[in-house]
Amino acid sequence: GGSYDDAGTAIALGADGFLYVAGLTQSKDFPVSAGPFVPAIGNPPGLFALKINPTALNGDTAPFNALWYSTVFTSDTTYSPASIGADSQGNAYIAYGGSVTKINSYGTQASTVPFPTGSGRTSIAGLALDSQGYLYVAGTTFSTDFPTTKGAWITSSKPTQSPTAQAFLTKLSPTGSRPVYSTYLSPDASENVFGLAVDGSGNAYVSGEAFSDQFPGLNSIEYGPVNSICDEYAYQTAVPVPCSRGPGFVTAVKPDGTGIIWSTLLPNSGGDVALDPQGNVYVAGAAITSDDFVIEISQTGAPIPINSIVNAASFHAGLPAPGGLATMYVHGLQLSASVAGSGLPWPTQLGGVSITVAGIPAPILSVSNVSGGGQQINFRVPATAPQDGAIAEVDLVYQGWTSTAFPAQIGRAHV
């Protein structure tokens, strides 16, 4: 570094095995070079990028041959680099503010990657590249005209009385000339984004924090804004106040951007996200009232949890006798409206939902949203289900995703 303030704010290991570091320098003597090739792009102070050969490092020292290049690519220090990544050719991509800069593999040329943002302020917090060279950027925008793409998962947002940040994810073609998809991550404008990772199949994982109880969930490990009230208090009062940070979230988006694989809130505020070779997801973050944390989530998220099953007539726990009506309460279904079966016989699939009792398909009367963000499903115990006193496994499938197995007793004791 130089003789004044320097700070690295982003680091990544590229597919070519090099380390890429970006940050901000206030030092006029920050050491810039382009390795053994040609002069650097710009002069300090400004935002810098380093490309380092980790195999040449010697303990905590960096010999000359370890530094591939050190360059300042812009004198604009309004924003620090938030994220950096590299493609298989060794080109580096750096996100700062609402911009992405591409630096060639020798650190001799810098260019701006076209990125449509709309008329409002947009901040990119995460950047990643997949094995085919597609560039993914995630962040928040205050633009009411942020350009989403046709067929993307969420293409519009609800209007609000005051400008608020809304999370987005955009996938750009390898040339950066056009968006493959661009989608919001929630219909409400009330999120922050902290990180982004992409797996070998092109699934994108975005992490952040949400301030809305309507944040979408699917195969979630946590439901509801668990940090809505914190151990924070207004000055000289004993009245709890809303948290300055919201619960974390992680959302896994399909490769074509048309929907999600899973989406969950976290027990505490979220942070950056990373993947292991098996596709498991790791999120680091700051706990509201305890130490910082790391959470591991399987690549499929969590099974849909069945909260309870009751006799629809008596509301006693368990199932009625075969032919009787039962009610199931779950979380994690994405219903835009309640649906009801029409005509007899009742369908065994309704609103993307199917239920089996002891492996036997159950007729479904209705599927509806209830207060608290959950869903209620009314169904009939199949006439051929086991008789009184038997313990039957109840399973739910929603749009291909399965529930946790729920054992329930059938029979007179629960009538």
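Trainee: Are Phe215 and Phe249 buried or exposed?

Mentor: Both of them are buried. Keep in mind that we're looking at a predicted model.

Trainee: Why is the pair of Phe215 and Phe249 called tilted?

Mentor: Start with the ring centres, which are 4.5 Å apart. Rings pair if their centres lie within 6.5 Å, so Phe215 and Phe249 make a pair. Next come the planes, which stand at 35°. Stacked needs under 30 degrees and edge-to-face needs over 60, so at 35° the pair is tilted.

Trainee: What makes this a link between distant parts of the chain?

Mentor: Phe215 sits in the loop between β14 and β15, while Phe249 belongs to strand β17, and the two are 34 residues apart. A search of the whole structure turns up nine aromatic pairs. There's also an aromatic cluster, formed by Phe115, Phe146, Phe168 and Tyr184.

Trainee: How do you know that the charged end of Lys51 sits over a ring?

Mentor: The ring belongs to Phe18, and the charged end of Lys51 is 4.8 Å from its centre. The distance cut-off is within 6 Å, and the charge must also be within 35 degrees of the ring normal. Lys171 does the like with Tyr134, its charged end sitting 4.7 Å from the ring centre.

Trainee: OK, on to strands. What makes β6 mostly covered?

Mentor: Five of its five residues are buried. Ala92, Ile94 and Tyr96 point one way, Tyr93 and Ala95 point the other way, and all are buried.

Trainee: How do you know that β6 pairs with β5 and with β7?

Mentor: Count bridges: two strands pair if there are at least two between them. β5 and β6 have four bridges and run antiparallel. β6 and β7 have five, again in the antiparallel sense.

Trainee: What joins β11 to β12?

Mentor: Five bridges do, and the strands run antiparallel. They form a hairpin with six residues between them, and Gly176 in the turn has a positive phi of about 75°. Within β12, Ser182 is the residue opposite Thr170.

Trainee: Why is Thr170 called buried?

Mentor: Thr170, which is in strand β11, has a relative accessibility of 1%. Buried means under 20%, so Thr170 counts as buried.

Trainee: Where is Phe315, and why is it called exposed?

Mentor: Phe315 lies in the loop between β22 and β23. Its relative accessible area is 54%. Exposed means over 50%, so Phe315 is exposed.

Trainee: And why does Ala358 count as partly exposed?

Mentor: Ala358 has 36% relative accessibility. Buried stops under 20% and exposed starts over 50%, so Ala358 counts as partly exposed. You'll find Ala358 in the loop between β26 and β27.

Trainee: What is phi for Phe315 and Ala358?

Mentor: Phe315 has a phi near 65°, a positive value in a residue other than glycine. Ala358 isn't a glycine either, and its phi is positive at about 55°. Most residues other than glycine have a negative phi.

Trainee: How do you know that the peptide bond from Leu344 to Pro345 is cis?

Mentor: Its omega is near 0°. Pro345 is in the loop between β24 and β25. Most peptide bonds are trans.

Trainee: Last one: what lines the largest pocket?

Mentor: There are 38 lining residues, with Ala12, Leu13, Leu127, Ala128 and Leu196 nearest the centre. They divide into 21 nonpolar, 12 polar and five charged. β1, β5, β9, β13 and β19 each supply at least two residues of the lining. The volume of this pocket is about 950 Å³.

Terms used. Residues numbered from 1 in each chain as written. Predicted model: local features only at pLDDT ≥ 70, side-chain atom pairs only at ≥ 80, totals over all residues. Heavy atoms only, no water. 1 Å grid on protein atoms, 1.4 Å probe; cavity = no way out; pocket = protein on both sides within 12 Å on 5 of 7 lines; lining within 4 Å. Points joined across faces, edges and corners; volume = space filled by probe spheres on them. Nonpolar A, V, L, I, M, F, W, Y, C, P; charged D, E, K, R; others polar. Buried < 20%, exposed > 50% of the residue type's maximum accessible area, 1.4 Å probe, protein only. Phe/Tyr/Trp six-rings, centres within 6.5 Å; stacked < 30°, edge-to-face > 60°.
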